[in-house]
Amino acid sequence: MQKEAAIREPLILGHKSYHDVTEDVCRPIEDKAPRMWYILFGIALIIALYGIGCIVYLLGTGIGVWGLNKTIGWAWDITNFVWWVGIGHAGTLISAVLLLFRQKWRMAINRSAEAMTIFAVFMAGLFPLIHMGRLWVGYWVLPLPNQFGSLWVNFNSPLLWDVFAISTYLSVSLVFWYIGLIPDFATIRDRAKKPVSKKMYSILSFGWSGRAKHWNRFETVSLVLAGLATPLVFSVHSIVSFDFATSIVPGWHTTIFPPYFVAGAVFSGFAMVQTLLLVMRKAMGLEAYIHTKHVEYMNIVIMVTGSIVGTAYITELFISWYSGVEYEAYAFLNRATGPYWWAYWSMMTCNVISPQLMWIRKLRRSLLFTFFISIVVNIGMWFERYVIIVTSIHRDYLPSAWSMHYPSHIDIGVYIGTIGIFFVFFLLFARYFPVLALNEIKTILKGSGQSYKEAPDYHKHH
Amino acid sequence: MAEKVIYVMYDDEEVLKDGAKVLVSKGIKIAEVFSPFPIHGIDPIIGIKNTRLGIMAFLYGLTGLMLATVGMRFFMVTDWPMNIGGKPNFSYLENMLAFVPVTFEFTVLCAAHGMAITYLLANKTLPGMPAQNPDPRTTDDRFVMEIRMSDNLNSSEKDIDEILKNTGFVEIDKKEIK
């Protein structure tokens, strides 16, 4: 058992025993779902079905139904792709990077953050696939033996790197998440009374029994997977940024893109975690495990990554002037003062100013304010991608080809639809899966639990 | 042949650990410990060696690295030297930088999945496997020590009971298993 400084705020409030932890996490799964869950699920499902309808229409008709034109070949689709991948960065960062840094507060949030990651990456992966137009030839992105004169995929292309990066990230995150889930499914299995749920959780828990040797392996696997997932997190969004940075379009061709995209991804991912968890902790009665201190820690991450993003924006602006390249300078001048000025300034306000408010302790410990900022940040990060993608290509070298992008209702429908699909997945997760990492929470109960910290003999042992 | 097994249940991992130390010092072999979460420091006491899965992960990663290198050399240089902007791929080394991202991703892919599959197989935790913990409470808040009589031929059941008496267990269960 590890001890920590007594002046550190406890991570688990209240006087919980091991059994209480089990009860608190399993109760929402075993009880009947509250009416609110059905209402939210219904809304999400309707939106998801509308989105699926739009996708089906798009696949049947062709991507001409999007508002794209000859100049602007990438707009909402890739914006949404990058937005969702970015959101999908928080979960693995929390569970892998913070594991390596031995940050115990991650244990309250890693399970749901990683679920969010996986669902967000699903949504992200959807966009390049449907952008192919002909979904049924999607397997052409894989290096498979074929009869086209044996034509291979182009391993020199960042788009192909992206295929490898996203699929590796998705599958490794999924495995990492599931390996952590197995012991917790076993807990639910051993408590289940109804035969159907007993059977279901029995299959899901893979017959986990909690033997000492298995735990020994479990800890090694978690550590090594965290070690592998850490560079993976950073590589994925770096490679997403290569999609732009390796081109010669002014506004895209910048070397700061990889770190700037990674920081932006973590920034938006944590904002999404805040949005979801602030609602979830309340709805599922998990206030003792996810409390102000956790929110504050996440807000500090938002503040730091937000500041990196802000610095990157200003660096880009400065370099566009300092480089002396007139095309580059115009690209940025056009962003700030051209026809898309409103998108640029929305992005600046949401991403540069709002995280700076987190310097104030009172604000970063306010749950309501955090919820508000988390939504602002996600709007800002969507605009960031829109600004980078659309404003850079809508006016490039040839003025006669300048154009504007107006989204069609299919553009909007597919985007809103993915939000619906995401929430359908997330609500199902919250209903049937243990939303806290039970086995991990129990290991810190004695080191960071309130009742143990307040006990008079806490300091004696070390 | 039926075998006698003693299951000793504790409600705190530290108490179990102290009890295990006493048993081991008296020469009793503990066959297994079941717990709802990893008990740090139990492995050396009951004689569990550290897992070698980390080494396996490294080997899987190495395999991935090699496959990616050999694969991309074949696809991009040998089989079809793709000519991009008048710059065909004449040798692997000249184009190696462009292959770094995929090499890295594939290494991680093989290391992570190889290790995860090995882990599940080594544990024999696979879909549809039956649960083997002696009591359903061991995944909640109870910790169980399993002592097999066949491992302790020099001690009688009474001897073990005598030692266990002062270890602070909450329940004790004796079973005949096949």
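Colleague: Hi! Which residue of E5(B) stands opposite B:Ile6?

Modeller: Hello! B:Ile6 has B:Ile147 across from it in E5(B). Bear in mind that this is a predicted model.

Colleague: Thanks, noted. How many bridges join E1 of chain B to E5(B), and do the strands run parallel or antiparallel?

Modeller: Strand E1, residues 3–10 of chain B, is joined to E5(B) by 6 bridges, and the two run antiparallel. Another pairing between them puts B:Tyr10 with B:Phe143, its bridge partner in E5(B).

Colleague: Which strand pairs with E5(B) over 3 bridges?

Modeller: That is strand E2 of chain B, residues 32–34, and this pairing is antiparallel. Here B:Glu32 stands opposite B:Glu146 of E5(B).

Colleague: Let's zoom out. How many helices and strands are there in chain B?

Modeller: Chain B has 5 helices and 6 strands. Read from the N terminus, their order is β-α-β-α-α-β-β-α-β-α-β.

Colleague: What radius of gyration does chain B have?

Modeller: Chain B comes out at 26 Å, whereas a compact globule of 178 residues would be near 16 Å. Along the principal axes, the C-alpha atoms of chain B fill a box of roughly 85 × 30 × 30 Å.

Colleague: And the contacts within chain B, what share of them join residues at least 24 apart?

Modeller: Counting contacts between residues at least 6 apart in sequence, 76% join residues at least 24 apart.

Colleague: New topic, the two chains. How many residues of chain A are in contact with chain B?

Modeller: On chain A 52 residues are in contact with 58 residues of chain B.

Colleague: Which helices of chain A each supply at least two residues to that side?

Modeller: They are H1 (18–30), H6 (158–191), H7 (195–204), H8 (212–245) and H16 (438–448) of chain A. H8(A) gives the most to the side that touches chain B, with 16 residues.

Colleague: How do the residues on that side of chain A divide into nonpolar, polar and charged?

Modeller: The side of chain A that touches chain B has 26 nonpolar, 19 polar and 7 charged residues.

Conventions: Residues numbered from 1 in each chain as written. Chains lettered and ligands numbered in written order. Predicted model: local features only at pLDDT ≥ 70, side-chain atom pairs only at ≥ 80, totals over all residues. Pairing = 2+ DSSP bridges. Helix = DSSP H or I, 4+ residues; strand = E, 2+ residues; numbered from the N terminus. Contact = placed C-beta atoms within 7 Å. Nonpolar A, V, L, I, M, F, W, Y, C, P; charged D, E, K, R; others polar. Rg over C-alpha atoms; globule rule 2.2 N^0.38 Å.
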